[in-house]
Amino acid sequence: MLRVILELFRIITIILIIGMVMGFIINSIYAIFGINVENTTGGWIVAMGIFPLVYVLYKNRLQFSGFYKNGGQVKLSNRATTILLCSSVLMLTVAPLFR
């Protein structure tokens, strides 16, 4: 039970830290081009575009190095990974249009 709680805490920490770092990097890239999406609808689209990236990273890499070990842990299929990454890139691409 303790391992499950530790893994949940680890997942929340991963989402927060990696999400903030990715958000900072993406907003910095937008700032280079003179685009500001903070406090707009585009900012929400950027946030929603980051979640699939973090999910794919966790499911394909990070879940195998955690506290909770289970035989049912499998990577995402190539098709699911491709769909999630393409949708994420699409959201990050169209976000500046909604500022």
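A: One thing before we start: the expected span of a helix is 1.5 Å times one less than its number of residues. Also keep in mind that this is a predicted model.

Q: Okay, so how far does helix 3 reach from its first C-alpha to its last?
A: Helix 3 covers 24 Å with its 17 residues, close to the 24 Å expected at 1.5 Å a residue.

Q: And which residues are buried in helix 3?
A: Those are Thr81, Ser88 and Leu92. Seen down the axis of helix 3, the buried residues fall within an arc of 40°, so they line one face of the helix.

Q: What do the buried residues of helix 3 pack against?
A: They pack against helix 1 and helix 2.

Q: Which residues are exposed on the other side of helix 3?
A: Arg79, Leu90 and Thr93 are exposed there.

Q: Let's switch to helix 1. How far apart are its end C-alpha atoms?
A: They are 45 Å apart, which agrees with the 45 Å that its 31 residues should span at 1.5 Å a residue.

Q: Which of the residues in helix 1 are buried?
A: Glu7, Arg10, Ile14, Gly19, Gly23, Ile26 and Tyr30 are buried. What covers the buried residues of helix 1 includes helix 2 and helix 3.

Q: What follows helix 1?
A: Gly34 does, and its phi is positive, near 75°.

Q: Now the inside. What makes up the largest nonpolar core?
A: It has 12 residues in all: Ile14, Ile26, Tyr30, Val37, Ile45, Val46, Ile50, Leu53, Val54, Tyr58, Leu92 and Ala95. The elements giving two or more residues to this core are helix 1 (2-32) and helix 2 (41-60).

Q: Which helix gives the most to this core?
A: Helix 2 does, with 6 residues.

Q: I see Ala95 in that list. What is Ala95 in contact with, leaving aside its neighbours within four places in sequence?
A: Ala95 is in contact with Tyr30, Val37, Gly42, Ile45 and Val46.

Q: Last topic, Asn60. Where is its place?
A: Asn60 is in helix 2.

Q: Is Asn60 buried or exposed?
A: Buried means under 20% relative accessible area, so Asn60 counts as buried at 14% relative accessibility.

Q: What joins the side chains of Asn60 and Thr81?
A: A polar contact of 3.3 Å joins them. Leaving aside neighbours within four places in sequence, Asn60 is in contact with Lys75 and Leu76 as well as Thr81.

Definitions and conventions:
Residues numbered from 1 in each chain as written. Predicted model: local features only at pLDDT ≥ 70, side-chain atom pairs only at ≥ 80, totals over all residues. Heavy atoms only, no water. Core = buried A, V, L, I, M, F, W, Y, C linked by side-chain atoms within 4.5 Å. Buried < 20%, exposed > 50% of the residue type's maximum accessible area, 1.4 Å probe, protein only. Helix = DSSP H or I, 4+ residues; strand = E, 2+ residues; numbered from the N terminus. Contact = heavy atoms within 4.5 Å. Polar contact = N/O pair within 3.5 Å; in protein donor to acceptor, adjacent residues only side chain to side chain. Arc of directions from axis to C-beta.
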